[in-house]
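The following exercises are to be worked through with the sequence and the coordinates at hand. Each task is followed by a solution in steps.

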Amino acid sequence: MINPQGLQEWMDTLAEQELPTLNAVVREICELSENEKCRAEDLTKIILRDADLTSKVLKIANSVHYNPAFASIKTVSRAIVHLGFDNLRNITLATTLIENFLQGKPKALLIQSLARSFHAAVQAKAMVPFLDGDKKEQIFIAALLRNISELALISTGLPVVAEFIEARDREPQAEHSLALEYLGVDTSLLSRHLIKDWTLGDLLSEACENHVHSSAAARAVNLGNQIATYIQRGIKSPEMHKLCQQTASLCKLPLEDAQQQILLMADEASVIAKIYGVDMLISALPDPDDIDAKEQPSSDVADYLFQQRLNQIHKAMMAGDSLPKVTQLSLAALHEGAAIARVAILFVDHKTKQLDVRYVAGKGTHLWRQQVKINLEQLHKGELLHEFLRQQEPYWYQPKVALKDMGALQVMGATGGLFLAPLQLNKRLLAIAYADGERSGLNARQFEEFQLIANQLNLMMRLNAATQ
């Protein structure tokens, strides 16, 4: 087959494809976003047409991430009241778009492109609270679809597309010239025509124009996209330093706060992918430990870092920040401040009787979200996790003191000591805090700090429940 060249040939080629991007739900939600008169009932009707989508939306709405008080949500209309119209619309669009593309056995290139788009959307959405002006609520959707032409091109399966993307990933700054060389058309131009044909929204069109005097919303969309493109080079790389400065300027934040926000959102992208049920993206999303590699601090510095992180946790709680943000700060306190090699929060799914890793910190933990699932019904009497669940009290396992059957916890790969603590609400076990020294031991001070953080998280859960 002769490779298409130029705008019209590519538009004709894409028009002949049964592309997942043309899914009616995706297009209707984009149209809802542009219609100021749209109502919650319109979104409800879209969701209810698809039984699988309805089930997934209700599952997400009832997750601890979005529903820490465990208020029972059994209808889509109730989910809109609880989550808000914008949140539920974003969830519906993201899950529909990603699942449509991931049908069957997708190529690594498609997973990589979807992960980048998803990460860009999470980064852009984090800027919304700091912006003024119209269309703020559309930023997540616009950032998610910012590279819609790339997804459409990959879906054709043509080798020239893979060659272009591989070359572009080596030199992102040369995307325009590489697109002309391989495809005969600029991808931004192709995106603008697809956006117009598929009626995907004015903000998305503006972002693709990328003018100097773009609105704050369009700049947030493009910043999110650029962060997702360059973050694998490390937060301290020249490209990311410039993007951190631009984020700080747009959001009117100190540079250090902008950097921390970007790092938190890099991890949040994996958390949300897990909640949305698109675990396949996690391996292609950034690993915070790789993009912000830190040397092991001295004991004096570690003491300072732990206290600093603890102060940040208290400040976030007083400001009414979300449970996810407090949880991420808590794990950072244990990993960086208490110098614990690896930490994680494993949430209990009471319906499936499984433990799922949700939040992590430490080298080698990023893929735990994708790889680690523990079936609670398969635990046997006497193994470590079974005994912990029976007692549900903070526990320090020291193999040198008393060797025990690791059982299901062997999947975590720890050969030294480990800590466990229950996270509960009204005596109901919601999650388990986990920490290990990987191949080394842990000390009494670390156990005290681990228990302190677990207590803070338990308090945060009670505060969240009280305000729902």
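**Exercise 1. Aromatic pairs**

Seven aromatic pairs are counted in this predicted model.

Task: Classify the pair formed by the rings of Trp396 and Phe419, and state where in the chain the two residues lie.

Solution. Step 1: the ring centres of Trp396 and Phe419 are 5.7 Å apart, and the planes meet at 80°. Step 2: planes over 60 degrees apart count as edge-to-face, so this pair of Trp396 and Phe419 is edge-to-face. Step 3: Trp396 belongs to strand 4 (residues 395-397) and Phe419 to strand 5; the pair therefore ties together parts that are 23 residues apart in sequence.

Solution. Step 3: both Phe419 and Phe450 are buried, and the relative accessible area of Phe419 is 0%. Step 4: through ring pairs, Trp396, Phe419, Phe447 and Phe450 are joined into a cluster.

**Exercise 2. Strand 6 and its partners**

Task: Which strands pair with strand 6, and in what sense?

Solution. Step 1: strand 1 (residues 342-349) pairs with strand 6 in the antiparallel sense over six bridges; here Leu346 stands opposite Ile432. Step 2: strand 5 (residues 418-425) is likewise antiparallel to strand 6, over eight bridges, and Ala421 has Ala433 as its bridge partner. Step 3: strands 5 and 6 form a hairpin with two residues between them, and Asn426 in the turn has a positive phi of about 50°.

Task: Why is strand 6 described as largely enclosed by the rest of the structure?

Solution. Strand 6 spans residues 428-436, and eight of its nine residues are buried; strand 6 is therefore largely enclosed by the rest of the structure.

**Exercise 3. Nonpolar cores**

Task: Which residues touch the most other members of the largest nonpolar core?

Solution. Step 1: the largest nonpolar core holds 143 residues, and Phe118, Tyr276 and Leu281 touch the most other members. Step 2: with neighbours within four places in sequence left aside, the contacts of Phe118 are Ala94, Ile98, Leu144, Ala269, Ile272, Ala273, Tyr276 and Leu281. Step 3: another core, of 24 residues, lies apart from this one; Val357, Leu379, Leu409 and Tyr434 are among its members.

**Exercise 4. Charged side chains**

Task: Is Arg168 buried or exposed, and which residues does it touch?

Solution. Step 1: Arg168 is located in helix 10 (residues 159-170). Step 2: its relative accessible area is 2%, so Arg168 is buried. Step 3: not counting residues up to four places away in sequence, Arg168 touches Arg116, Glu150, Glu175 and Leu178.

Task: Over which rings do Lys125 and Arg358 lie?

Solution. Step 1: Lys125 lies over the face of Phe140, 5.9 Å from the ring centre. Step 2: the charged end of Arg358 sits over the ring of Phe347, at 4.8 Å from its centre.

How values were computed: Residues numbered from 1 in each chain as written. Predicted model: local features only at pLDDT ≥ 70, side-chain atom pairs only at ≥ 80, totals over all residues. Heavy atoms only, no water. Core = buried A, V, L, I, M, F, W, Y, C linked by side-chain atoms within 4.5 Å. Buried < 20%, exposed > 50% of the residue type's maximum accessible area, 1.4 Å probe, protein only. Contact = heavy atoms within 4.5 Å. Helix = DSSP H or I, 4+ residues; strand = E, 2+ residues; numbered from the N terminus. Pairing = 2+ DSSP bridges. Phe/Tyr/Trp six-rings, centres within 6.5 Å; stacked < 30°, edge-to-face > 60°. Lys NZ or Arg CZ within 6 Å of the ring centre and 35° of its normal.
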